[in-house]
Amino acid sequence: MERIRLLPLLITIVFKTLTLSGGELLVYDYYNDKCPMAEDIVRHNVEVAVFKDPRLAASLLRLHFHDCFVMGCDASVLLDSVEGMTSEKQAGPNLNSLRGFEVIDKIKYLLEEECPFTVSCADILAMVARDAVELRGGPRWDVLMGRKDSLESSFSGANLFIPAPNSSLEVLIDNFKQQGLDIEDLVALSGSHSIGRARCLSFKQRIYEAKQEYYYGYDRYKRYTSFRRILQSICPVTGRDNKFAPLDFRTPKRFDNHYFINILEGKGLLGSDNVLISQDFDGKITEQVWGYASNEKLFFASFAKSMIKMGNINVLTGNEGEVRRNCRFINA
């Protein structure tokens, strides 16, 4: 399918007028003079990593999400544990789940060789997420840059603010609202589940529930029960909790709009996917889902816009934070 590239001028009008907490703006050309090869270095290394392991695309995108939802987009998720500070990597939603840190480490090393103390880890995460999506067939957008890196992590914040795979729609809406994101952002960004996998532990309870309450009508119920049997063959009642299933069985390695077709048919993998339909009592979210399911360009445009908006969450700029030399540790 034809990809969509958003016009930089349009995005600039919408987002470049935002004054951030450090009193400065994120801008497109932040590294043009300071480190002109920065985006090329990031792109090349993401391309190599995703070519070797296509599943890394979803992992790299997920790193950006899990970073931004805890204290903002400040690369706090990359910090390792040290005395007096427990890493966000050890929190429940991240432990033995987040991956791709070695890709970030390599990119950071090469950027430090090219332009020491210049490109922040937070900006690297934003660029890597964008490139990972595009390399799997998704949209490309121009990343606003100029973020600084956090001097601390928040283990408790990671446990509190990262959405759970069994969240209700009400909880999801409230969670996104706390980050300054609205319902339209929630639906668009849920489309990131077009790629990636989830452990059986994340959805096993749902597929063995005796009462099915997700969809109505014989045809939909029949489709769902067939899908449930497939999932049960992967994830038995006991054991194999760490076995994986793709979030999108149709095109698991391609970023597209099939995720929305899936949930309309009752084939969303996670409970938090299906509640977009099953708990949408006024029909507004369902209408948005139908729009994305029938128009991939519309989804791509909305997803890119929401990714840029998410990338502005509580960023550090100016004299706030620092540019880490090593993404795993603060410079001190």
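Modeller: A disulfide, as I use the word, is a pair of cysteine sulfur atoms within 2.5 Å. Heads-up: this is a predicted model, where local features need pLDDT of at least 70 and side-chain atom pairs pLDDT 80 or more, while totals for chains, interfaces and linings use all residues. Residues are numbered from 1 along each chain as its sequence is written, and side-chain values use heavy atoms, with hydrogens and water left out.

Biologist: OK, how many disulfides does that rule give?

Modeller: Counting bonded cysteines along the chain, the pattern reads 1-4, 2-3, 5-8, 6-7. So by the sulfur cut-off, the count comes to 4.

Biologist: Which handedness does the disulfide of Cys 35 and Cys 115 have?

Modeller: The two sulfurs sit 2.1 Å apart, and the partners are 80 residues apart in the chain. Both cysteines are buried (under 20% relative accessible area; over 50% is exposed, in between partly exposed; 1.4 Å probe, protein chains only). The S-S torsion is about 75 degrees, so the link is right-handed.

Biologist: And which handedness for Cys 200 and Cys 235?

Modeller: That pair has its sulfurs 1.9 Å apart. Cys 200 has a relative accessible area of 0%, and Cys 235 is at 0% too. With -70 degrees about the S-S bond, the link is left-handed.

Biologist: How are helix 3 and helix 14 oriented to each other?

Modeller: Helices are DSSP runs of H or I, at least four residues, numbered from the N terminus. Helix 3 (residues 56-68) packs on helix 14 (residues 296-310) at about 45 degrees, axes 11 Å apart; axes are lines fitted to C-alpha atoms over the stretch in contact, and angles run from 0 to 180 degrees between N-to-C directions. Under 35 degrees is roughly parallel, over 145 roughly antiparallel, 65 to 115 roughly perpendicular, the rest oblique. Therefore the two helices are oblique.

Biologist: Which residues of helix 14 make that contact?

Modeller: Contact means heavy atoms within 4.5 Å. Helix 3 brings Leu 61, His 64, Phe 65 and Cys 68. From helix 14 come Phe 303, Met 307 and Met 310.

Biologist: Which backbone nitrogen does the side chain of Glu 322 reach?

Modeller: Glu 322 is in the segment after helix 14 and, at 17% relative accessible area, counts as buried. Beyond four places in sequence, Glu 322 touches Lys 148, Asp 149, Leu 151, Ile 330 and Asn 331. At 2.9 Å, the side chain reaches the backbone nitrogen of Asn 331.

Conventions: Polar contact = N/O pair within 3.5 Å; in protein donor to acceptor, adjacent residues only side chain to side chain.
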